[in-house]
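Me: I am new to this structure and would like to learn how to read it. Could you take me through it one feature at a time?

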Amino acid sequence: AKPEKMARDKIHLAVKNALVKDGWKVSFDPFCFKSGEVELEVDMAAERIIAASKEGREILVEVKSLDRKSLLYDFHGAIGQYINYRDALEDEFYSHELYLAISEGIFRKMELYPFYERRFQKNKINLLVVNIVYQEITLWKK
C-alpha cells in the first residue's frame with residue numbers, strides 16, 4: 001500500500017532550518033521506505049558527521065505541530081505514527097534514530113500535564129523541540 005501524499009506540517013520548514021543551523025545535513029525530505037508491502041514516509045532524514053575519523057550519525061525526524069482539533073487528539077495520532085515508524089524501521093534493520101519534532105510552545109503546554117511526559121517515557125519517544133520563531137533547536141530529549 002502506498003502512503004497518501006500528505007501535506008507538509010506547517011512547522012516543517014522551521015524544523016528543517018533548525019536542523020541545518022545545528023550542523024545537520026538534511027539528506028532526504030521526505031525519507032521513504034518499505035516495511036513488507038507497506039510504503040512509509042517519515043518527514044525527513046538528517047545526518048551529521050561527528051568527526052572525520054568517526055562514523056556519521058543519522059536521524060529521522062517526524063514533524064508535528066499538534067495544534068489542530070485538540071492537543072490530546074493530535075498527541076494520540078502523533079504517538080501512534082511515531083511508534084509505527086519506529087517499529088517498522090526496526091523490522092527493516094534501519095539504524096537511524098527516530099525523533100518527534102514539536103514546537104517549543106506546544107512542548108511548554110505539555111509540560112504542564114505530567115500525563116504527556118509519562119507517555120513520552122513509557123513509549124520511549126525521542127523529542128526534538130524547536131523554537132519556531134528563531135528556527136533553533138532548544139531541546140533534544142531521549
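Reply: Gladly! This is a predicted model. Let's begin with strands: two of them count as paired if DSSP finds at least two bridges between them.

Me: In what order do the strands of the open sheet come, and what is the pairing?

Reply: The open sheet has 6 strands, in the order β1-β4-β5-β6-β7-β8, and their pairing is mixed. At its edges are β1 (25-28) and β8 (136-141), each pairing on one side only. From one strand to the next, the twist averages 35°.

Me: In what sense do β7 and β8 pair, and over how many bridges?

Reply: Strand β7, residues 127-131, pairs with β8 in the antiparallel sense over 5 bridges. As an example to look for, Asn 131 has Glu 136 of β8 as its bridge partner.

Me: Which strands does helix α2 lie across?

Reply: Helix α2 (residues 71-91) lies across β5 (57-63) and β6 (97-103), and runs at about 160° to β6.

Me: Now for the cores. What is a nonpolar core, and which residues have the most contacts inside the largest one?

Reply: The largest one here has 26 residues, and Leu 100, Ile 102, Met 110 and Phe 120 have the most contacts inside it. Helix α2 gives the largest share of this core, 8 residues. Apart from it lies another core, of 16 residues, including Val 26 and Val 61.

Me: Which residues outside its sequence neighbourhood is Ile 102 in contact with?

Reply: Leaving aside neighbours within four places in sequence, its contacts include Ile 11, Phe 107, Met 110 and Val 129.

Definitions and conventions. Residues are numbered from 1 along each chain as its sequence is written. This is a predicted model: local features need pLDDT of at least 70, side-chain atom pairs count only at pLDDT 80 or more; totals for chains, interfaces and linings use all residues. Side-chain values use heavy atoms; hydrogens and water are left out. Helices (H or I, at least four residues) and strands (E, at least two) are DSSP runs, numbered from the N terminus. Axes are lines fitted to C-alpha atoms, for helices over the stretch in contact, and angles run from 0 to 180 degrees between N-to-C directions. Contact means heavy atoms within 4.5 Å. A nonpolar core is a set of buried Ala, Val, Leu, Ile, Met, Phe, Trp, Tyr and Cys residues joined through side-chain atoms within 4.5 Å. Buried means under 20% relative accessible area, exposed over 50%, partly exposed in between (1.4 Å probe, protein chains only).
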